[in-house]
Amino acid sequence: MIIISLSGEIKEIIEDIRMLKFKHVPVLSITDSDFKNNELATLVPYNLYFQSINFPQRKDGNSIVNPTSLGTLFVLIDALFFDYLFRNDGK
C-alpha cells in the first residue's frame, strides 16, 4: 500500500494504517521533506520524501491562493512506476 500526503498528518485514516500494520501489510509513505517527523512516517516502515515548492500568495477574486508545485512528487511516482514495470518485466 502506498499512502501519499503533503503533511503526513492524516488523522482521518490513522486507525486504518494501524490495522494495516497489525495485519502485516507493507505500507510506503510518501510525504513532503519539510515534514520529516510526521505521524504517517512514524507509523509505517517505508518512507520516501519529495520537495514541494510554495509560490507567493496571490489574490484570486475574494480568496487568497497559495500555489504549491508538486513536480518532484510526480517525478518520484514516475520513477516508482517504471521501477515496478522493469522489475516485473511485463508480467
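Does arginine 18 count as buried, partly exposed or exposed, and at what relative accessibility? Arginine 18 counts as partly exposed, at 40% relative accessibility, where buried means under 20% relative accessible area, exposed over 50% and partly exposed in between (1.4 Å probe, protein chains only). The model is predicted, so that local features need pLDDT of at least 70 and side-chain atom pairs count only at pLDDT 80 or more, while totals for chains, interfaces and linings use all residues. Residues are numbered from 1 along each chain as its sequence is written, and side-chain values use heavy atoms, with hydrogens and water left out.Strand β2 (residues 28-32) is mostly covered, with five of its five residues buried; helices (H or I, at least four residues) and strands (E, at least two) are DSSP runs, numbered from the N terminus. Strand β1 (residues 2-5) runs parallel to β2 and is joined to it by four bridges, two strands being paired if DSSP finds at least two bridges between them. Isoleucine 3 has serine 29 of β2 as its bridge partner.

Four salt bridges are present in the structure, each being a side-chain nitrogen of Lys or Arg within 4 Å of a carboxyl oxygen of Asp or Glu. Arginine 18 forms one with glutamate 15, their closest N and O atoms lying 3.0 Å apart. Because these two residues are three apart in helix α1, about one helical turn separates arginine 18 from glutamate 15. Glutamate 15 is exposed, with a relative accessible area of 55%. Lysine 11 meets glutamate 9 in a further salt bridge (3.8 Å, N to O), and Glu9, Lys11 and Glu39 are linked in a network of salt bridges.
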